[in-house]
Amino acid sequence: MLKQYNYVGPPEIRAQLNSVRMSRPVNTHQALLHQIELLTAEFNDGPYLTVTFIIDTEGHLHICDRHQEHVACALGRPVLSAGEITFALQHADYYIERITNQSTGYCPEPASWQAVDSALRRLEIHYPDFFEPAYDFRRCLHCAQINLIKDNYYICAVCETDLPAFWNCDQKE
Ligand SMILES: [Zn+2]
């Protein structure tokens, strides 16, 4: 059983969910190409396209416009992983250049890669071996700020309190 992550970000972002369209699960290579084409239409054409993604609790990939919050892409529901995917266009086909677990709304751990790997394996697309970069998130026990850990620096960016050694982002203040 894979770990489920609930939304832990600011409530005001969650409140914007009413205006969000249903994002469809991407279960086939065909569906993936279709979704990418819908998203590229909104941007300038270039070799790279970065999108927001979530893996729903059924294990399916959803991709959304990069400017959309993860919680919106997930319709407020729990996820198995979340972050950003960068697609690259080569010889009229796409491959995945880069995947990160960067989502301060869900703070998925690097171990959530397992869910990403399972979802992507069915899509007949080339993708990397792991998150790059893989982020760790911690909630500050003093000021409740969610911190994205860089360079093993476990100090709160807001109040400079030491951050806990273990994942705690779902902890209430
Ligand atoms: Zn703090």
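Colleague: What should I know before I start?
Modeller: This is a predicted model: local features need pLDDT of at least 70, side-chain atom pairs count only at pLDDT 80 or more, and totals for chains, interfaces and linings use all residues. Residues are numbered from 1 along each chain as its sequence is written, and side-chain values use heavy atoms, with hydrogens and water left out.

Colleague: Which residues coordinate the zinc ion?
Modeller: Cys140, Cys143, Cys156 and Cys159, each through SG, at 2.3 to 2.4 Å. Donors here are N, O and S atoms within 2.8 Å of the metal (3.2 Å for Na, K and Ca); water is not among the atoms, so sites may look incomplete.

Colleague: What is the geometry of the zinc ion's site?
Modeller: Tetrahedral, with angles of 101 to 118 degrees among the 4 donor atoms. Four donors get that label if all angles lie between 85 and 135 degrees. The ideal angle for four tetrahedral donors is 109.5 degrees.

Colleague: How are the donor residues spaced in sequence?
Modeller: As C-x2-C-x12-C-x2-C. Cys140 sits in the loop between strand E5 (136-139) and strand E6 (146-149), and Cys156 in the segment after E6, so the pair ties together parts 16 residues apart in sequence. Strands (E, at least two residues) and helices (H or I, at least four) are DSSP runs, numbered from the N terminus.

Colleague: Are Cys140 and Cys156 buried or exposed?
Modeller: Both are buried. That means under 20% relative accessible area; exposed is over 50%, and partly exposed lies in between (1.4 Å probe, protein chains only). Cys159 is partly exposed, at 26%.

Colleague: How do E5 and E6 pair?
Modeller: In the antiparallel sense, over 4 bridges. Two strands count as paired if DSSP finds at least two bridges between them. Phe137 stands opposite Leu148 in E6. The two strands form a hairpin with 6 residues between them. Ala144 in that turn has a positive phi of about 75 degrees.

Colleague: New topic. What is the strand order in the open sheet?
Modeller: E2-E1-E3-E4, with antiparallel pairing across 4 strands. E2 and E4 are the edge strands, each pairing on one side only. The twist averages 35 degrees from one strand to the next. Angles of this kind run from 0 to 180 degrees between N-to-C directions, with axes as lines fitted to C-alpha atoms (for helices, over the stretch in contact).

Colleague: How many bridges join E1 to E2?
Modeller: There are 4. Phe53 has Ile63 in E2 as its bridge partner. E3 and E4 pair over 7 bridges, with Tyr95 in E4 as the partner of Ala88. E3 and E4 also make a hairpin, with 2 residues between them. His91 in that turn has a positive phi of about 50 degrees.

Colleague: Which residues have the most contacts inside the largest nonpolar core?
Modeller: Leu32, Phe53, Leu61, Ile63, Phe87 and Ile99, in a core of 25 residues. Such a core is a set of buried Ala, Val, Leu, Ile, Met, Phe, Trp, Tyr and Cys residues joined through side-chain atoms within 4.5 Å. Elements giving it two or more residues include helix H2 (29-40), strand E1 (48-56) and helix H4 (113-121). H4 gives the largest share, 5 residues. Apart from this core lies another, of 20 residues, among them Val8, Cys64, Cys73 and Cys169.

Colleague: Which cysteines does the disulfide join?
Modeller: Cys64 and Cys73, S to S 2.4 Å. A disulfide is a pair of cysteine sulfur atoms within 2.5 Å, and by this rule the count comes to 1. The torsion about the S-S bond is about 90 degrees, so the disulfide is right-handed. Both Cys64 and Cys73 are buried.

Colleague: And what about Cys169?
Modeller: Cys169 is in no disulfide. The nearest cysteine sulfur, that of Cys107, is 3.7 Å away. Cys169 is buried, at 0% relative accessibility.

Colleague: Last one. Which residues does the cis peptide bond join?
Modeller: Glu132 and Pro133, with omega about -5 degrees. Pro133 lies in the loop between H4 and E5. Most peptide bonds are trans.

Technical notes:
Four donors count as tetrahedral if all angles lie between 85 and 135 degrees; four count as square planar and six as octahedral if opposite donors are over 155 degrees apart and all others between 65 and 115; anything else is irregular.
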